[in-house]
Amino acid sequence: MAVESLSQAELILKQQEHAQHTFRGRVLVWWGVILGTLLFIFSGARIQIGPIVLQTIQFDWEFIGRVSPIIRQGVVVTLLLSATSILVASILALLTALARLSRVAFLYALSTFYVSLIRGTPLLLQIVFFFLALPQMGIILDATLSGILALSLNYGAYMSETFRAGIQGVGKGQREAALALGMTPGQMMRRIVLPQALRIVIPPMGNDFIAMLKDSALVSTLGFVRDLMWYGQNQGRREFRSLEALLVVAVWYWGMTIIFTWLQSRLEKRLARGER
Amino acid sequence: MAIIRVSQLNKHFGALHVLKNVSLSIDPQEVVCVIGRSGSGKSTLLRCINFLEQPTHGTIEVDEISVAVDQHRLSKAQKRAIHQIRLCTGMVFQEFNLFPHLSVIDNLIEAPVTVKGLPRERAIVIAEKFLDKVGLMEKRDEFPARLSGGQKQRVAIARALTMEPKVMLFDEPTSALDPELIGEVLEVRTQLAKEGTTMLVVTHEMGFASEVANRVVYMDEGQIIEEGAADQIFSVPCDPRTRQFLDRLLRTT
C-alpha cells in the first residue's frame, strides 16, 4: 500500500518534470528567435519585397573591431572595483548587523543611523561626494578609492539587512545548545551562529555582487576611473559612434552578469545539498 | 552533600508566574524525574538550573557554586559563576539541537576544544569513548542531517557527556521522537543511571521514571506538589492532584 502510493507520487513527479522540461525547451527556442530578430535588425541588410524596401540598421564594424580591444581594458577595472567593494561591503555589513543586534544602545544607534543615511541618499551622490566634497575638508581621495569607498558604504548598508536576517535565521536552539555547553556569547557567535548564517547569506551576497558589477559603472562619471563604462563613453564620443561603443559595453556587462548568475546558482545548489 | 540545590526559586514571564518558590535538592548519583502536565513549569525549572532561563528570584547551587538572583542585573562575579555551573552541567534538549554544520565527531569536540581548550586529539579520544557508549561509532563522520531522530538524540547525549559534567539535565529528550525510536534513547539513559551518573530528567516516560528514578517529583502550576520514591508516587500518591494526573495518564496509555 505504502509502496504503491509512493510510486504513484513518483509518477506524478516524473510527469511534472517532463512538462517542465519541454516548457524549458520551448523557452530556449523563443530566446533564439528574439535574439535572431535583434541581430537581423542590426544586420544592415537591405530587403526589398515588391515596392517595400526594408533597410535595417547598419553598424560600423570596422569601428567595432578597432575599439573592442580598447574597451576590453576596462573589464579588469570593473571586476576589481566590484570585487574589492563587495569584500569591504561584506565586512561592513557583518559589523553593522552585529551592532544592530547588540543590546548596547550606542552601537544600535550607530548602525541604524548609518543604514538610514546611506539608504536615504542616492548612490551617485555618495560617489561624487567622496570625490568632490571631501577635498573641501582637506581629504583628497583618488577617484578609484572614492568609488570603492562609496560603493562599499552603500552596499554595506543594504547587505547588513541580509546579514541580520541570516544571523537571526539560526535557531534559538542552536544558541541555547552552545551556551549550555559553556560557550561565551562570543564563542557562540564565532563557532556556531556565524558559520551557519554564512550559508544562508552567500546566495544573496552573489546577487549583490552582480548588482555591484553594474552599479560600479556610476564611478565612471568621476572621469578618472577607466572602467568598462568609461571606455565605452570615451570611445563612442570620440567618433560619434556611441551606438556601437555602448552596445559593446552592454554585451560585456550582460555576459559577465550571465556568467556570474550561473556560477551563483551552482554555488547555491552546492550549499543546499546535504543541509538540514 | 547535595550536588544541586534549588531554593526559593521564582520565575515570571511577564505577568505569568511560572515557578512559585520551588525548592529541590539532588544528591550525587541520584536520578530524579520531574513529571507533570505541560505548562506545569517543569521544563522552566530545568532551564533555570543552567540559566538558559534567568530566574526572577531565588538561589541556584550546583557543585557548591551558588548564584543568588534578585531583580538586579547580573554582576560580573555572577556571570562567572553561571559559566562555571554550565561547565559542570550537561544538557540534552527535546529538539536535540545538534550543530548542523559540523560532523558528529566535530559536534562532540567543539566545546571541549573551544571552551576547555583541550588539544584536538585529546578531545577526540574522549569523544570517541562516549560515541561508543551510545553505540554510534559508525556515524562518527556523518552530518546530523543524515541521522534518525533517535540517533540524533544519542549523539546529543554523547556531546553533553564529552564535557564530562557532574550532572546531566534532560529536557523531555524523547518527546520529539517517533515511538519506535524512543527505546534506544531510554536504553542509553538507563545505562547512564546504572553507572551512577547524576541526572535530573523532565519526562513523560512513566516507565523510565518508575524503573530507573530514585525519586520522582510531581509539579503542577509552578509548584512541587509531591516528591518521593518512585514506587510510592506511582502506587500511593498522597496528593489528589498527583493521583488525578497519574489516573488520566494510565487510562490513555
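This is a predicted model: local features need pLDDT of at least 70, side-chain atom pairs count only at pLDDT 80 or more; totals for chains, interfaces and linings use all residues.
Now the interface. On chain A, 20 residues are in contact with 21 residues of chain B. The two chains, A and B, bury about 1,800 Å² between them. Of that, 61% is on carbon and sulfur atoms. Which three residues supply more than any others of the area that chain A buries against chain B? They are Glu176(A), Ala180(A) and Leu181(A), with 31%.

Next, the polar side. Eight residue pairs are in polar contact across the interface of chain A and chain B, both residues at pLDDT 80 or more. Two elements of chain A give two or more residues to the side that touches chain B: α6 (172-180) and α7 (185-215). α6(A) gives the most, with eight residues. By class, that side of chain A has eight nonpolar, six polar and six charged residues.

Salt bridges, then. There are two across the interface of chain A and chain B. In a salt bridge, the side chains of Glu110(B) and Arg191(A) meet at 2.7 Å, N to O.

Last, a helix in chain B. Is α1(B), residues 42-49, largely enclosed or open? Seven of its eight residues are buried, so the helix is largely enclosed by the rest of the structure. The buried ones are Lys42(B), Thr44(B), Leu45(B), Leu46(B), Arg47(B), Cys48(B) and Ile49(B). Just after α1(B) comes Phe51(B), with a positive phi of about 60°.

How values were computed: Residues are numbered from 1 along each chain as its sequence is written. Chains are lettered from A and ligands numbered from 1 in the order in which they are written. Side-chain values use heavy atoms; hydrogens and water are left out. Buried means under 20% relative accessible area, exposed over 50%, partly exposed in between (1.4 Å probe, protein chains only). Helices (H or I, at least four residues) and strands (E, at least two) are DSSP runs, numbered from the N terminus. Contact means heavy atoms within 4.5 Å. Buried area is the accessible area (1.4 Å probe) that two parts lose on being put together, summed over both. A salt bridge is a side-chain nitrogen of Lys or Arg within 4 Å of a carboxyl oxygen of Asp or Glu. A polar contact is a pair of N or O atoms within 3.5 Å; within protein, one must be able to donate a hydrogen and the other to accept it, and residues adjacent in sequence count only if both atoms are side-chain atoms. Ala, Val, Leu, Ile, Met, Phe, Trp, Tyr, Cys and Pro count as nonpolar, Asp, Glu, Lys and Arg as charged, and the others, Gly among them, as polar.
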